[in-house]
Each structure stands twice: as structure tokens, then as C-alpha cells.
Amino acid sequence: MFVQVFMGGVLLGFIYVLISLGLTLIYGVMGITNFANGDFLSLAMYAALVFNVQMNLDPLVSLPLVVLLLAAFGALAYQLLIKHVLKASNMAQIFVTFGMMIFLRGIMQFAFTANYQMVENPLVSGTLNLFGASLSKPQVVAAAGALIATIIIYLFISKTKTGWALQAVSENRDAASLMGIHAQKMYMLAWIIGGACVGVAGSLMAEYSYIYPEVGAPFGTIAIIVVALGGFGSVPGAFISGLLIGLVEVVGGFYFEPAYKYLLVFGLYFVFVVLRPQGIMGKRRA
Amino acid sequence: MDKKTIQVKSLFRPAIIVPAAVVLVLCLLPQFIKGYPLHTLTLIILYAALGSAWNWLGGFAGQASLAHAVFFGLGAYINSMLQVHFEVNPWVAMLVAMAGVGIISILVGLPVFRLSGPYFSIATIAIGEVVKIIFINWKATGGAVGMYLPIRESSLLNFQFNDKAPYYYIILAFYFVAVSITYWLKNSRSGYYFRAIKEDPQAAKALGINIVQSKLLAMVLSGMMCAMVGSFYVNFTLYIDPDNVFRFMTSVQIALIAVLGGVGSVWGPLIGSVIILLLSEGSRAYLGGIGAGLDFVIYGLMIMLIAIFQPNGIIGAVENYRKKKRLKKRQMQEATDAAKEVGDHGAA
Amino acid sequence: MPQRRWAIMALLELTGVTKRFGGLTAVDNVNLVLNEGEILGLIGPNGAGKTTLFAIIAGYLKPNEGKIVFNGVDITGKETHKIARMGMNRTFQVVKPFSDMNVVENVMVGAMMRNASVKRAREKAMDALEFCGLAHRADYLGRELTVANKKRLEVARALASDPKVLLLDEVMAGLNPSEVRDAVEFIHRIHARGVTLLVIEHVMEVIMPISHRVAVLNYGKKIVDSDPKQAVSDPEVISAYFGSTDEGRGDASC
């Protein structure tokens with residue numbers, strides 16, 4: 001039984017990692033927390049749903065399209081909104097993304113109603129036996145997809161020139177600009193990657209999850225917790241804490257009251273961050 | 001000019017006239033509006049009081065909390081539990097709720113104030129979620145269903161009235177308490193200390209400021225004010241449930257009202273509250289019928305526009321204008337200073 | 001303690017103070033005495049541990065070993081604000097004005113340490129500004145001042161709290177020659193008010209004429225503690241400053 005629950009936690013953890021990835025990159029390069037990240041995820045799921053209803057494409061098939069769409073949306077959000085608050089106060093930056101969150105929820109509610117919807121006849125369904133645990137096939141596919149996407153993005157950041165530039169801006173904005181790195185381009189890139197990440201996650205999740213305007217909201221909150229727990233701006237930190245939170249949520253929900261599973265997640269974060277304010281992998285800021 | 005005219009003049013300064021006019025108008029408004037508009041007005045004042053409370057901690061001391069709905073909701077819950085389970089008088093229950101929330105804010109503040117910037121704000125989000133989950137699952141508070149207050153005879157002592165106007169005057173009185181505290185903060189050592197901490201905690205320490213103590217004071221004041229308003233709220237609606245009072249969006253709205261009005265200003269939260277509530281209530285009333293969600297679209301759009309174009313709030317914009325005027329004067333003065341200095345050196 | 005007024009009294013005494021960061025020993029077994037009414041210069045090349053030592057004295061960092069006694073009270077590991085209230089105040093090498101408060105308000109915060117009344121604090125602050133020659137900038141915002149004036153603002157803020165001891169951290173770095181002259185004169189005037197001074201300075205030429213005594217730090221260790229003239233001719237000091245690099249010379253000449 002434990003294996004079953006443990007695997008469930010790991011599967012959820014990989015999704016959390018992917019959703020948090022864009023968030024932590026954005027925070028790393030420009031110090032902004034995107035509170036609308038969860039609503040980007042809802043948007044991706046609706047995009048997959050539209051492709052499914054209109055063109056009869058399975059979410060797994062339309063995934064590249066959704067990723068492109070969300071990446072473009074990330075760029076748009078940066079161009080139209082974020083770019084204009086780069087020098088504004090922290091509160092202004094937070095409120096821009098809050099406004100975006102409310103705006104997106106409104107748009108989705110208006111366009112798709114508040115009803116719960118689902119993709120019909122998904123490509124992958126049923127269960128699968130793995131290490132003695134019976135797991136939902138689409139969730140396994142989603143976790144695997146999330147892991148692959150995470151690895152690709154990690155390789156991009158650590159092995160390519162553009163990725164290094166992104167890291168350089170994250171380390172020290174002023175020094176990076178002295179080295180000829182155009183910081184604003186890197187900001188935009190972070191938003192594009194952020195959009196692409198939730199694009200992947202949304203497509204994968206559309207395969208098995210109900211879709212409604214606020215479906216992404218809890219994921220958005222959890223992702224912020226993941227990023228803060230892992231240490232703002234740290235990709236390995238987000239990986240460890242994403243898995244950890246997935247595990248705590250599922251395992252805790254199984255052995256305690258399911259109603260209290262988030263209590264454990266937030267409690268864990270709270271206790272941890274008070275003891276170690278900079279998070280798992282974060283650097284201490286003065 | 002003799003002494004008398006100076007005194008009269010100083011009485012008619014804009015700094016006195018404008019607030020006096022605002023107070024007068026607020027007191028007289030129920031003579032002209034009734035029913036739903038008065039209900040909305042009551043909520044506007046209610047949020048202005050909450051925004052003021054946020055302002056002490058977020059605006060003065062620079063600790064941007066995203067969990068003020070927790071203080072508000074806890075105040076409301078403690079008040080209604082005392083009334084429902086122990087038949088305590090609502091006013092006594094209010095005092096107990098304020099004391100209780102005051103203690104809770106110290107217990108919460110001690111660990112959370114070790115965090116700064118986004119870590120602080122996110123820890124407050126976590127606290128908000130934890131409290132909401134507890135109240136949704138707690139039987140004594142009616143769980144997710146919530147609880148109703150017993151209906152009593154209309155009287156001030158019972159905190160229940162057949163008419164809306166008394167409610168309005170009570171929350172207005174509460175709001176004036178909040179305004180007085182803001183005035184006091186602006187002109188007291190504690191207020192200066194809060195601002196110093198916001199600007200630079202390291203330098204503040206060097207000047208003998210006990211940072212934790214100051215932050216706790218801001219938090220306790222803020223929490224107790226919210227509990228007071230929360231107590232009003234539950235007696236006003238006679239019903240409470242976790243989703244209603246502990247909503248994350250309520251916390252966001254409280255912060256938004258303070259920031260939009262003008263961080264650290266006395267009347268800013270009132271301006272912010274008028275705009276935000278008219279916007280959200282208005283778009284709900286006029287657009288809610290056309291299609292669910294459009295109200296949120298407008299509301300969200302307005303928030304984004306405000307954050308981009310008016311990040312210092314309305315009062316902040318006015319102050320910026322004054323600053324520009326001062327700067328011009330200053331440049332002229334500096335030019336004369338420089339000329340003088342050259343003259344001095346020449347002489348030496 | 002009126003009976004001791006005429007005796008030389010150690011106002012601040014450091015014994016065996018050591019601070020390590022990981023493998024690096026930033027301050028190494030330093031003994032230091034600051035007598036009442038003295039101007040003590042604390043000098044040393046970049047990275048010698050001067051600012052770290054300041055941070056330890058003012059309670060920003062806890063030493064790994066050693067003891068600090070101020071005015072007869074052990075203040076080792078005491079919180080910064082408590083030390084400040086006991087009458088020891090500091091300025092910062094990297095200036096820290098309250099940027100969005102105006103100059104009087106900045107200084108009022110300092111004055112409030114001893115005056116709960118805002119009105120009294122304002123008067124006190126204006127006095128301090130007058131003394132520091134900043135009164136004509138009273139309504140400027142902290143951020144609007146020049147670097148030289150920001151440094152003066154920090155001193156004014158500290159003085160407004162009536163300190164017994166003032167720790168000045170490189171108040172003259174980054175100033176032009178005429179500003180340095182003003183600053184030297186300024187330090188003398190502060191001293192004349194009866195404030196005991198511990199002054200960190202990187203540039204030797206500036207500190208020698210104003211100090212009654214200098215202590216030289218190098219690699220965290222105190223290598224010399226003597227009157228200024230002896231210190232300049234000390235071979236260890238010369239090699240610390242001019243031996244391996246001529247970084248010190250470069251800075252000293254500008």
C-alpha cells in the first residue's frame with residue numbers, strides 16, 4: 001500500500017516541479033513572483049480542450065500547439081504588463097500579476113462558463129501496474145512528460161549559451177549587462193519558458209483532469225510554496241521541494257484526514273522557512 | 001497681520017478643511033441614500049477601515065501581508081462563537097475577539113518577522129490557507145456550512161438593528177478610530193520607527209530601534225483593528241462561513257485598497273476603497289447579467305492598469321506633483337547657493 | 001563615577017575577539033582599548049577586517065570568541081539596538097540614509113532614541129543638522145543628497161542620539177580633497193563635543209593627523225597599536241600597506 005501512495009506522491013511531485021520551474025526562473029532573473037501562474041495553467045488546459053472539441057485532437061497530440069500558444073502568451077504578458085513595472089515597487093509588481101489572475105479567471109468563466117468539463121475519449125486511460133502499485137495511466141504519462149520537459153529545460157539552462165546568459169542575469173544583473181547580456185531579452189525569455197512549462201503541464205493534465213476556470217488556482221499557490229521552499233530562483237531547489245511537497249500532500253492525505261493534506265504542505269513550508277529563511281537551495285540575502 | 005487672523009487662517013488650511021468636509025459628508029450621507037446603496041457604502045467604509053489597518057503594517061512598517069483576511073475572519077469567528085455557544089453580549093464578544101486576535105498576531109508575528117520581502121508575503125499566504133482549512137473542517141464553527149447568529153431585538157446593546165443606518169454609523173465610528181490611529185502613527189515615535197524599519201532595517205537598528213518589537217506593535221494594532229471590523233461584519237450579516245471571510249482574494253483586496261489609495265497615507269485607504277468597491281460592485285451589478293465573469297475581467301483589467309500607471313496610489317500621485325514643484329524651487333535655490341559659494345571661495 | 005573622571009578610563013575594551021567565516025578568520029584574537037575622550041584610528045589595507053570588527057562591536061555579528069566590555073558592561077553578543085541605547089552609535093561604510101524620508105525626519109529618528117516627544121526630537125534634529133552644516137537641506141529627501149552630504153546625514157543622525165562613542169566607518173572615502181578637509185575639521189568638532197571616536201579609515205594620510213592613537217589591522221590581526229608617528233614608520237605597517245601590492249598607495253594618493 002505504501003508503494004502505491006508513495007508513487008502517487010512522486011507522480012504529483014513531477015507536475016509540481018514543472019509548474020514551478022517557470023516561476024522560479026522568472027523570480028531568479030527579475031525578482032517578480034507571478035501570482036497568475038496557476039491561471040496560465042488553467043488557460044493551457046482550456047486550450048487543449050478547445051483543440052479537442054474543435055479539431056478532435058487529443059491533448060497529447062495538440063501539446064506542441066498548446067506549448068507554442070502559452071509561450072506566446074508569456075511573451076505577451078511580459079510585453080504588455082511586466083515590462084512596464086520593472087522599476088516599480090514590489091507591491092505594484094505583485095498587483096500586476098494579481099490583476100492578471102483575476103482578469104484571466106474572468107475571461108475563462110465568460111468564455112467557457114464555470115461548469116466542469118472534460119476531454120472525451122482521451123488517448124490514454126485505464127490503470128497500469130508498476131512496482132506492485134496500481135497507477136492511473138494518464139497520470140504516469142503526465143509525470144513522465146513533466147520529467148522530460150524539466151530535464152530539457154534544465155539542459156537548456158545549463159548547457160546552452162542562452163541558458164548561461166539567463167543564469168548570469170539571475171546571479172548578478174549589473175555584471176551581466178556589463179558582459180553585454182541584454183537583461184530585458186532574458187526577462188522575456190524567462191516568461192516564455194514559464195508559459196511553455198505550464199503549456200506542457202496543462203496539456204498533460206487535460207488528459208485526465210476536470211477543467212474549470214479555477215482548476216489551476218491551487219496549483220498556482222502550491223507552485224509559489226514550492227519555489228519559496230526550494231529557494232527563490234533555484235532550479236534544483238524547485239526540483240527537490242516540488243517532489244517533497246507532492247509526497248507530503250499525497251502520503252499525508254492518505255495517512256491523515258484527506259481534508260488536512262494542504263495543512264501539512266503549508267505547515268511544512270512554514271516550519272521549514274522559519275528555521276531556514278532562504279529555503280532549501282537558496283542563498284541568504286542580506 | 002495680527003494673531004487673530006493667523007489663527008483663523010490656520011483653521012482654514014486645506015489640511016484641516018478637507019478632512020473636516022470628508023467627515024461631515026460621511027456623517028450626513030445616510031440622510032440621502034438608503035437600501036442597497038447604503039449597504040455598499042457600509043462595505044466601502046468597512047474596507048477603508050481594513051485598508052487602514054493594513055496600511056500600518058504594510059504601508060508604514062513595510063511588511064506586505066497577504067493574510068489580513070485571517071485577522072478579519074478570526075475576529076468574526078471568535079465573536080460569533082462566543083455569541084452562539086456562550087451567549088455572550090456582542091460588544092463583550094468583540095472586545096474578547098480583539099484581545100484574542102491581538103495575542104494570535106504576536107504568536108504568528110514572532111516567527112514570521114524573521115522573514116523578509118517575498119518570503120514574508122508568501123508565509124502569510126501559507127498562514128491564510130492553514131487557517132481556512134482548519135475552519136472548513138472544524139465542527140464547532142459549523143465547518144464549511146458556517147454559522148448563523150441568533151436574531152435579537154433591535155438595539156444598540158444587542159448590536160442588531162431593523163434599519164441599515166445604525167450599522168453604517170457604527171462602522172463609520174470604527175473607521176474614525178482607524179483614522180485616528182493613522183494620524184497618531186504619522187506624528188509619533190512609533191510611526192517614525194515603522195518607517196525607518198521599512199526604509200533600512202540595518203540603519204534602524206543602529207539608531208536603537210528594536211525591530212521585532214516595532215513590527216509586533218504594528219501587527220498587533222493591525223490585527224486588533226481587523227478583529228474589530230470582523231466583529232462588526234458578522235453582526236451586520238448575521239452569518240459567517242470560512243469561504244466568505246478567509247478568502248485569499250479578500251486579503252488581496254485589503255492590500256490593494258491601501259496601496260491604490262496611497263501607501264502610508266491617512267485618507268488613502270478610503271479613496272482606494274471607494275474606487276475598488278464601486279468597481280467590483282458596479283461591474284457585478286451592471287455586467288453580471290450580461291455574462292458571468294465579465295465583472296472579473298473589468299476588475300482585473302483595472303487593477304493591472306492602476307498598478308502600471310499609478311503604482312504609488314492616488315495620494316502618491318498628488319505628492320509626486322508637489323515634489324516636482326518643490327524640486328523646481330530647490331534647483332533655483334541651489335543655483336543661488338552655488339553662486340554664493342563661488343563668491344565665498346573668491347573672498348578667501 | 002565622578003571620582004574617576006580625571007583618571008584615564010577604558011570606555012570600550014575588546015579582549016581576544018575572533019570571528020571566523022567558514023575557513024576564513026576575518027578577525028583574529030584582537031585586543032583593543034578605547035579610552036574616554038580619545039580619537040582612535042583603526043586602519044589597515046582592504047579586507048583587513050576593520051568593518052567586520054565594527055560590525056562585531058555594534059552587535060551586528062556575534063564573535064566566535066572573545067569579550068567586549070562597554071562602559072563597564074559586557075556587551076558581547078548583545079543586540080544592536082540595545083548597544084545603541086547604551087550610547088554607542090555607528091555610521092555605515094556604504095551609506096544607509098532613509099531614502100524616502102526627508103533629512104530632518106532621518107535625524108529625528110536618531111533623536112527619538114532619547115526623546116519620546118516628536119516635537120523635542122525635531123528641535124534636537126535641527127540642532128544636529130545645524131552642527132553638521134546640513135540645516136539648509138532639511139527638507140530634502142534622503143535620496144536627493146550628494147554622497148558627501150549623505151555621509152554627514154549619517155553622522156547627524158547618530159549625533160542626535162547623544163552617543164558616548166561614535167564609530168565612524170570610512171566617512172572620508174569617496175570625497176574630493178576639499179571635502180576631506182571639511183571632514184577632518186568636522187571630526188575635530190565632533191570630538192570637541194565630548195564624543196569619543198573610533199574611526200575606520202583606509203587612507204592613512206587622512207587619519208594620521210586626527211588620531212591620538214592608531215591601531216593597524218592586517219589579515220584580521222592587530223599588528224600595531226601606537227601613536228600615529230610610530231605607526232607610519234613601523235616596518236610591518238609599511239609592508240602591509242605597500243609591500244605586496246601598491247593598491248594602498250593608489251588609494252592614498254587620490
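Residues are numbered from 1 along each chain as its sequence is written, and chains are lettered from A, and ligands numbered from 1, in the order in which they are written. Because the model is predicted, local features need pLDDT of at least 70 and side-chain atom pairs count only at pLDDT 80 or more, while totals for chains, interfaces and linings use all residues; side-chain values use heavy atoms, with hydrogens and water left out.

The model scores ipTM 0.87 and pTM 0.86. A contact here means heavy atoms within 4.5 Å. Where pLDDT is low, the predicted coordinates should not be read in detail.

I turn to chain B. An automatic or database domain assignment gives domain 1 (1-32) and domain 2 (36-247). Their C-alpha centres lie 30 Å apart. Domain 1 of chain B brings 8 residues to the contact and domain 2 brings 10. Together the two domains bury about 600 Å², 75% of it on carbon and sulfur atoms; buried area is the accessible area (1.4 Å probe) that two parts lose on being put together, summed over both. On the domain 1 side, B:L26, B:C27 and B:P30 supply 70% of the area buried against domain 2, more than any other three residues. Between these domains there are 0 salt bridges, a salt bridge being a side-chain nitrogen of Lys or Arg within 4 Å of a carboxyl oxygen of Asp or Glu.

Chain C contributes 31 residues and chain B 25. About 2,500 Å² is buried between these chains, and carbon and sulfur atoms give 56% of that area. Across this interface there is 1 salt bridge: the side chains of B:R195 and C:E105 meet at 3.0 Å, N to O. Elements of chain C that give two or more residues to this side include helix 3 (103-111) and helix 5 (147-159), helices being DSSP runs (H or I, at least four residues), numbered from the N terminus.
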